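Welcome! Take a moment to look over the fold below, and then we will walk through it together.

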Amino acid sequence: MYDLISGKESVDRMLGLRNLLGGYDLSCKILDAGCGTGNYTQFLNDLGFDCLGLDLSDKLLDVAKNKFPEILFKHGNLLDLNFVEDFDIVLCRGVLNDVDYLDFILILKNFYRALKQNGVLLLDVREWNNSLVKYTQTPVFSKEFIYQHSACKFTSLTTVNNLDNSLDIKEEHLIAGKSTKYNFKMYPKCLDDLKISVGKIGFSVENILSAYDYQTQFTNQDKMLLVLKKH
Ligand SMILES: C[S@@+](CC[C@H](N)C(=O)[O-])C[C@H]1O[C@@H](n2cnc3c(N)ncnc32)[C@H](O)[C@@H]1O
């Protein structure tokens, strides 16, 4: 279901990733941190990189392993990551919006340790100030699509919570008349705080993009991709 909802955006991101990583040697080892159903791991693996997909969810990892049996997927929690200088690149896409700031910093430190010297972290997270504007103005999103021959509708309602800088999200999937509802929180990160925190850990900010290509520098979008380098 996640694959269907994120469809077109995922294709754009993958094509962008191919460009972003165009100058890297194919011998690079990549950690897809929070790989979910493994689509990005597979894409990077197909480009020729040496990839490991890691995720906390056994259910999503089973989907990934079934779809891409030739790729290495491992169960693991980013909060307990114990790799030491094993990877040239860490991709963390759409994962750390779910964790609060303390866990976020702990995970960034784990990525720092997992990277080799001059290694690169591609960190895809939402920005707080722009999320605040976007979801105050447009709290509802919906999308219709076909799933297993049935008409489906995905709807989300996002409420801004200023008390802890979070978004309270209510989602509904309506599939062949049957409704499934989920409630969860997201913690977008304030870019100014984030810059200070990553600098303290030892990363330099190489680039801040609003999409997966060097032409779209970050301005006032709610989504951002930081290119961070370990020193
Ligand atoms: C929105 S999905 C993104 C999946 C994938 N990166 C993608 O872009 O398609 C978020 C993923 O992060 C995983 N995740 C969340 N917290 C995690 C943690 N602490 N350690 C490992 N994986 C985690 C979830 O299980 C889920 O698969």
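In what order do the seven strands of the open sheet come? The order is E3-E2-E1-E4-E5-E11-E10, with mixed pairing. What you see is a predicted model, in which local features need pLDDT of at least 70 and side-chain atom pairs count only at pLDDT 80 or more, while totals for chains, interfaces and linings use all residues. Residues are numbered from 1 along each chain as its sequence is written.

**The seven-stranded sheet**
- Strands (E, at least two residues) and helices (H or I, at least four) are DSSP runs, numbered from the N terminus.
- Two strands pair if DSSP finds at least two bridges between them.
- Strand E3 (72-75) and strand E10 (203-209) are at the edges with a single partner strand each, so one side of each has no neighbour in the sheet.
- From one strand to the next, the twist averages 20°.
- Six bridges pair strand E4 (residues 87-93) with strand E5 (residues 115-126) in the parallel sense.
- Arg93 has Asp124 in E5 as its bridge partner.

**The four-stranded sheet**
- Another open sheet has four strands in the order E6-E7-E8-E9, and its pairing is antiparallel.
- At its edges are strand E6 (140-147) and strand E9 (178-186), each pairing on one side only.
- Here the twist averages 15° from one strand to the next.
- Strand E7 (residues 150-161) and strand E8 (residues 166-175) run antiparallel and are joined by ten bridges.
- Thr158 has Ile169 in E8 as its bridge partner.
- Helix H5 (residues 128-137) packs on this sheet and touches E7 and E8, with its direction at about 120° to that of E7.
- Two residues are in contact if their C-beta atoms, placed from the backbone, lie within 7 Å.

- Helix H4 (residues 101-114) and helix H6 (residues 191-201) pack at an angle of about 40°, their axes 10 Å apart.
- Axes are lines fitted to C-alpha atoms, for helices over the stretch in contact, and angles run from 0 to 180 degrees between N-to-C directions.
- From H4 come Ile105, Leu108, Lys109 and Tyr112, which meet Ser197, Val198 and Ile201 of H6.
- By class, this contact has five nonpolar, one polar and one charged residues.

**Around the ligand**
- Among the 16 residues around the ligand, Gly34, Gly36, Leu56, Ser57 and Leu78 come nearest (near means a C-beta atom, placed from the backbone, within 6 Å).
- The shell divides into seven nonpolar, six polar and three charged residues.
- Ala, Val, Leu, Ile, Met, Phe, Trp, Tyr, Cys and Pro count as nonpolar, Asp, Glu, Lys and Arg as charged, and the others, Gly among them, as polar.
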